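Hello,

Here is the structure I promised to pass on, followed by my notes on it. Have a look at it first, and then read on.

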Amino acid sequence: MPTTPKIVFYFDVLSVFSYIGFEFMEKYTALWGIEIEYRPFNLGQVMRNTKNMLSPNKGPFLITDARRTSSITKIPFKGEPTKFPYNSTTALRTLQYLKTHHPRLMVPAMRRLWRMEYVERRAPESADDIKQALDGLVDARVVDEAISVPDTLEAVKQNTADVEQMKGFGAPTILVYKKGESEPQMYFGSDRFEHIAIYLDKEFYPMKQLFSAPKI
Amino acid sequence: MPTIPKIVFYFDVLSVFSYIGFEFMEKYTALWGIEVEYRPFNLGQVMRNTKNMLSPNKGPFLITDARRTSSITKIPFKGEPTKFPYNSTTALRTLQYLKTHHPRLMVPAMRRLWRMEYVERRAPESADDIKQALDGLVDARVVEEAISVPDTLEAVKQNTADVEQMKGFGAPTILVYRKGESEPQMYFGSDRFEHIAIYLDKEFYPMKQLFSAPKI
């Protein structure tokens with residue numbers, strides 16, 4: 001049982017609502033003073049295994065929704081990557097490696113990959129793509145190491161199995177642990193922060209305020 | 001072009017987020033002083049035609065999500081109806097008939113049907129179910145009339161075709177018309193009221209405040 005509130009945030013790099021949810025989560029982590037753990041997982045596999053197929057009408061709508069959120073919050077967003085879907089495994093393994101070996105670089109690296117993906121509109125798919133996205137932040141050899149060691153792949157597989165086991169179906173999947181409760185609450189999506197705030201007895205901010213500067 | 005802001009709210013009686021969204025919409029209609037038009041449509045048909053299938057993991061999760069929203073807002077909710085899915089056509093036609101013949105009864109009738117469905121957990125499927133749900137509000141003969149006149153069925157079909165034509169895929173589907181814009185913005189779900197408030201330059205309230213009494 002945790003002694004302080006803790007959030008476990010399961011995400012995939014190829015998930016636009018993981019990106020948006022991450023930017024909300026980072027604001028709240030600072031405001032609420034809570035511990036947050038980011039876990040990369042393979043959304044494509046979970047969607048296939050849980051028969052969660054995206055209706056052809058829904059995909060374009062979600063991009064419109066993301067665009068509107070970007071316009072309100074100023075989270076940078078120009079559109080989907082020109083190659084989509086793509087294989088995010090290399091990106092996921094790289095982030096997993098940073099998590100265990102260079103933890104303070106994980107969050108800035110996540111942001112770099114998402115900026116490449118949704119601002120440059122370029123899928124961070126290959127090791128070269130990722131090295132370019134992380135240039136100046138992470139050495140290229142770190143990326144090579146990340147995709148050569150088996151435990152990064154094992155960890156991503158385990159995270160993916162976690163999401164399936166908890167009967168998740170999408171990204172982000174957010175587990176919220178409260179003081180005194182042994183089981184977490186599970187939330188889905190980038191739009192349940194008021195629920196989470198109420199559960200943790202923390203303050204909720206409308207997105208316009210959350211993303212305005214200076215902070216309250 | 002409408003002279004005031006206007007919202008067109010497409011819903012199905014068998015959609016829990018239509019129920020929840022309706023209760024949010026009714027609060028905002030009063031607070032914002034805007035015109036809302038409710039249009040009943042056949043969600044089952046739209047989901048089939050747009051290949052929007054609900055993952056087996058997602059259904060139970062959505063009920064958990066609804067339950068948490070109910071707990072925060074006090075929107076009455078005990079669970080899904082024991083018979084689900086069911087054929088909502090009779091309920092939709094009844095509401096459509098009230099809309100054109102007894103417009104001030106449409107909203108209270110919607111609420112009655114949803115209370116039967118989500119508090120009694122009884123599907124408002126047959127004419128008898130619906131007469132019972134609307135007892136004291138709407139005469140039984142009105143329900144009979146609603147399901148005998150062809151134009152109620154035509155109107156529900158037209159609303160359903162509207163949602164498909166705008167590339168909708170779920171319920172509620174909410175069109176928002178703003179002064180000076182000929183085309184509406186389309187939103188989906190019961191959780192985009194901050195987006196809508198910003199679009200209409202109206203005030204957004206976190207759900208805890210929106211549903212607390214007395215109103216601000």
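The side chains of A:Lys6 and A:Glu35 form a salt bridge, with N and O 3.7 Å apart; the term stands for a side-chain nitrogen of Lys or Arg within 4 Å of a carboxyl oxygen of Asp or Glu. A:Glu35 belongs to strand E2 of chain A and A:Lys6 to strand E1 of chain A, so the pair links parts that lie 29 residues apart in sequence. Helices (H or I, at least four residues) and strands (E, at least two) are DSSP runs, numbered from the N terminus. Over all chains, the count by this rule is 31 salt bridges.

Before you go further, please note that this is a predicted model, in which local features need pLDDT of at least 70 and side-chain atom pairs count only at pLDDT 80 or more, while totals for chains, interfaces and linings use all residues. Residues are numbered from 1 along each chain as its sequence is written, chains are lettered from A and ligands numbered from 1 in the order in which they are written, and side-chain values use heavy atoms, with hydrogens and water left out.

Now to the sheet in chain A. Its 4 strands make an open sheet in the order E2-E1-E3-E4, with mixed pairing; two strands pair if DSSP finds at least two bridges between them. Strand E2 (35–40) and strand E4 (185–188) of chain A are at the edges with a single partner strand each, so one side of each has no neighbour in the sheet. From one strand to the next, the twist averages 20°. Strand E1 (residues 6–11) of chain A runs parallel to E2(A), and 6 bridges join them. In this pairing A:Ile7 is opposite A:Ile36 of E2(A).

Two helices of chain A meet these strands. Helix H4 (residues 89–101) of chain A packs on the sheet and touches E1 and E2 of chain A, its direction making about 145° with that of E2(A). Contact means heavy atoms within 4.5 Å, and the axes are lines fitted to C-alpha atoms, for helices over the stretch in contact, with angles from 0 to 180 degrees between N-to-C directions. Helix H5 (residues 103–118) of chain A also lies across E1 and E2 of chain A, at about 50° to E2(A).

Chain B has an open sheet of 4 strands too, with mixed pairing and the order E2-E1-E3-E4. Strand E2 (35–40) and E4 of chain B are its edge strands, each pairing on one side only. Strand E3 (residues 173–177) of chain B is antiparallel to E4(B), with 4 bridges between them, and B:Ile174 faces B:Tyr187 in E4(B). Helix H8 (residues 150–165) of chain B lies across strand E1 (6–11), E2 and E3 of chain B, running at about 105° to E2(B). H9(B) packs on the sheet as well, touching E1, E3 and E4 of chain B, and its direction makes about 10° with that of E3(B).

What does the interface look like? Between the two chains, 29 residues of chain B are in contact with 29 residues of chain A. The area buried between chain B and chain A is about 2900 Å², with 56% coming from carbon and sulfur atoms; buried area is the accessible area (1.4 Å probe) that two parts lose on being put together, summed over both. In chain B, the residues that lose the most area to chain A are B:Asn57, B:Arg68 and B:His195, together 20% of what that side buries.

There are 4 salt bridges between chain B and chain A. A:Arg192 forms a salt bridge with B:Asp191, where the closest N and O atoms are 2.9 Å apart.

A cis peptide bond joins A:Ala171 and A:Pro172, with omega about -5°, and A:Pro172 is in the loop between helix H8 (150–165) and strand E3 (173–177) of chain A. In chain B, the peptide bond from B:Phe84 to B:Pro85 is cis, with omega near -5°; B:Pro85 sits in the loop between H3 and helix H4 (89–101) of chain B. A:Arg121 has phi near 65°, a positive value in a residue other than glycine.

Best wishes
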